[in-house]
Amino acid sequence: ARKRRETAKTDDERLFLDCVTEVYDALSRLCVRWAAVAEMRRMPACAEALRAIAERPPRTLREALQLSLVYDRGQEAEGECVRSQGLFDRLYVKFYRDDLAAGRETRASAKALIADYFTRLYAQGHPNGKNIGFGGYDAEGVPVWNELTELGFALHDELNRPNPKLTYRFGKKTPREQLEKVTRCLANGRTSIVFANEEILSEMFRRRGKSAEDIVQYVLVGCYEPGIQGREIVASMAAEVNLAKPLEAVFNNGKDFAGFPVGPACPLPENAEAFEREYLRQLDAMIGAAVATARLCEQAWYELNPSPFMSGAYRDCIAKAKDSSQGGCKYNQSGIMCGGIGTVADSLAAVRYLVDEAKLVTMAEFGEVLRADWKDREGLRLRAVRSAPKWGNNDDRADLPAKRIFDAVAARINAEPNGHGGTFQAGFWSIDLDKPFGDCTAATPDGRKAKTPISRNNSATAGCGKEGPTALLLSNAKLDLAESPDGHIADVILPASLAKASFGASGIAAFLRSYFEMGGQSIHLNCFDPSTLRDAMAHPENYPDLQVRVCGWNVRWNALSRREQLHFLATAEAQTGH
């Protein structure tokens with residue numbers, strides 16, 4: 001930053017570079033102070049590493065890992081969550097090899113260093129976890145697997161912790177034995193891993209105009225949001241879209257049932273085809289309002305929260321002498337999170353079944369039923385739940401409406417400019433917002449009652465995925481997932497008895513490969529039996545270490561509320577057939 005200041009052309013450029021210099025000088029002084037504390041606590045190796053990185057780039061594995069932790073604290077203090085720790089096996093393998101060659105470390109001592117690094121990330125208690133990337137293809141298209149890939153997943157298996165959470169990138173060229181070393185963790189119940197599809201994500205980045213040189217450096221940021229390591233600001237969740245909310249507006253002349261405007265005024269549709277058209281029109285209006293609001297917020301980003309510490313870590317920001325909030329990075333994207341596609345697909349299918357086909361209710365009557373939250377119409381509600389088609393069961397009657405929603409949303413969002421020099425990007429996931437989204441959504445045509453959760457991520461509605469995990473993946477694979485640049489996740493539950501016995505690591509690997517060959521983007525899995533969850537609810541003292549993959553991170557089962565446990569159990573029972 002000091003060197004670049006010599007060629008700065010404007011006062012704004014010089015101000016930015018001066019701010020970067022000031023915050024990094026401050027961090028250097030803080031490292032020296034921390035080193036003194038480490039000396040007092042008889043931690044000489046830590047003190048030496050802190051003094052070293054205060055003066056120069058790291059030269060050893062210990063110094064590199066220490067710098068990562070120091071940087072993590074600095075960015076969090078500035079106000080931006082550190083959403084990825086980068087591609088671990090690429091960033092640190094040279095330090096590892098140099099240490100072993102020089103005799104500074106052995107494999108065992110280096111493993112202990114990495115275990116301590118993982119432990120420190122875990123001890124921070126970040127509620128959504130710290131994401132660390134592994135694998136993928138290098139610039140020559142060769143799958144990356146080295147000593148640190150091996151150590152990383154071995155430690156994940158041994159430590160059995162919810163955090164850090166790991167990403168493993170793999171594709172058609174990834175050797176079977178490498179993938180199975182990772183899936184063995186899942187078979188052992190260590191499920192804090194997301195699998196990312198090299199081929200689909202590379203195609204997704206190409207469609208967004210990103211270079212081949214940059215694509216090989218992608219990571220999953222946060223939970224599942226793809227971004228280029230060191231070159232891209234993803235700005236995920238710039239806005240959140242509840243896909244289920246416009247259903248109310250179709251029945252209520254463009255307003256929700258509480259009377260608040262959602263979209264344009266509209267007459268009541270006469271049939272299911274007209275209902276879907278009007279739903280998409282209301283959704284388009286809601287998305288338009290969401291991106292307009294997000295754009296205004298982003299235009300004020302620099303004034304409200306300039307980010308010289310985070311920006312200083314991006315070489316493009318230094319080269320442009322521009323803050324990341326002003327479009328200083330090479331790629332400046334913003335993610336729009338869209339949740340509840342299962343609830344909407346099921347609702348459109350239910351309207352067709354109940355109104356057009358079975359003729360059990362007129363469109364006007366259906367609107368009143370939903371406004372009254374199914375009061376005195378339990379028989380009709382059960383027909384909607386049990387007889388109408390459901391997303392996630394490989395049934396085109398629900399899957400094709402989902403595809404039309406997906407295509408419309410992706411086309412609308414991906415073409416929108418954002419407020420800091422890039423574009424918005426559609427993401428199809430909800431994490432745990434299925435509950436707050438549901439709390440503000442009236443009853444829906446699929447049989448869901450008001451103020452109950454909508455569908456989570458891209459799973460079937462809780463209790464409705466009757467055809468098992470394969471059918472869920474077949475439903476998701478009907479979508480063009482290269483058009484979901486802010487991420488798409490498939491949530492799958494495999495019975496533990498199947499995962500550990502006849503299926504095992506090799507079966508899980510084959511299962512994952514099949515989904516990726518069909519066009520899947522990213523996937524994570526749970527491996528347990530519903531009977532285990534029921535017993536853990538009755539006897540929590542016997543399951544202190546039981547983990548579940550909730551939505552984009554792992555938690556211990558006993559940390560969930562009873563409502564969350566019951567919701568999770570219903571999904572598990574439907575997917576596993578128990």
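The second largest cavity in this predicted model holds about 70 Å³ of space. A cavity here is a set of points on a 1 Å grid over the protein atoms alone where a 1.4 Å probe fits but cannot get out. Its volume is the space filled by probe spheres set on those points, with grid points joined across faces, edges and corners. Who lines the second largest cavity? Phe170, Gly171, Lys172, Asn197, Glu199, Arg513, Phe516 and Glu517 do, where lining means having an atom within 4 Å of a point. Helix H23 (residues 496–517) supplies the largest share of this lining, 3 residues. Sorted by class, the lining of the second largest cavity comes to 2 nonpolar, 2 polar and 4 charged residues. For these classes, Ala, Val, Leu, Ile, Met, Phe, Trp, Tyr, Cys and Pro count as nonpolar, Asp, Glu, Lys and Arg as charged, and the others, Gly among them, as polar.

A quick word on the ground rules. The model is predicted, so local features need pLDDT of at least 70 and side-chain atom pairs count only at pLDDT 80 or more, while totals for chains, interfaces and linings use all residues. Residues are numbered from 1 along each chain as its sequence is written, and side-chain values use heavy atoms, with hydrogens and water left out.

Now for the largest cavity. Searching the whole structure turns up 4 cavities of 30 Å³ or more, and the largest has about 200 Å³ of space. Its lining has 19 residues, and Arg456, Ser459, Asp491, Val550 and Thr571 lie nearest the centre. Strand E11 (490–494), strand E12 (522–527) and helix H25 (562–576) are the elements that each give two or more residues to this lining. Which of them gives the most? H25 does, with 4 residues. The lining of the largest cavity splits into 8 nonpolar, 8 polar and 3 charged residues.

Next, look at how some helices pack. Helices (H or I, at least four residues) and strands (E, at least two) are DSSP runs, numbered from the N terminus. Axes are lines fitted to C-alpha atoms, for helices over the stretch in contact, and angles run from 0 to 180 degrees between N-to-C directions.

| Helix pair | Angle | Axis distance |
|---|---|---|
| H13 (272–299) and H17 (341–357) | about 150° | 9 Å apart |
| H3 (44–55) and H4 (61–78) | about 75° | 9 Å apart |
| H4 and H7 (107–123) | roughly 5° | within 10 Å |

H3 and H4 pack at about 75°, which makes H3 roughly perpendicular to H4. Angles under 35 degrees count as roughly parallel, over 145 as roughly antiparallel, 65 to 115 as roughly perpendicular and the rest as oblique. On the H3 side, Ala45, Cys46, Ala49, Leu50, Ala52 and Ile53 touch Arg62, Glu63, Gln66, Leu67 and Val70 of H4, with contact meaning heavy atoms within 4.5 Å. That contact has 8 nonpolar, 1 polar and 2 charged residues.

H4 also packs against H7, and these two helices are roughly parallel to each other. Among the residues making this contact are Leu61 and Arg62 of H4, and Tyr117 and Arg120 of H7.

How do H13 and H17 run relative to each other, parallel or antiparallel? They are roughly antiparallel. Ala272, Glu273, Phe275, Glu276 and Tyr279 of H13 meet Val344, Leu348, Val351, Arg352 and Asp356 of H17. By class, that gives 6 nonpolar, no polar and 4 charged residues.

Most residues other than glycine have a negative phi, and most peptide bonds are trans. Lysine 359 has a positive phi of about 50° although it is not a glycine, and lysine 359 sits in the loop between H17 and helix H18 (363–371). The peptide bond from asparagine 163 to proline 164 is cis, with omega near 5°. You'll find proline 164 in the loop between helix H8 (147–159) and strand E2 (165–170).

How values were computed: On a 1 Å grid over the protein atoms alone, a cavity is a set of points where a 1.4 Å probe fits but cannot get out, and a pocket is an open set with protein on both sides within 12 Å along at least five of seven lines; lining residues have an atom within 4 Å of a point.
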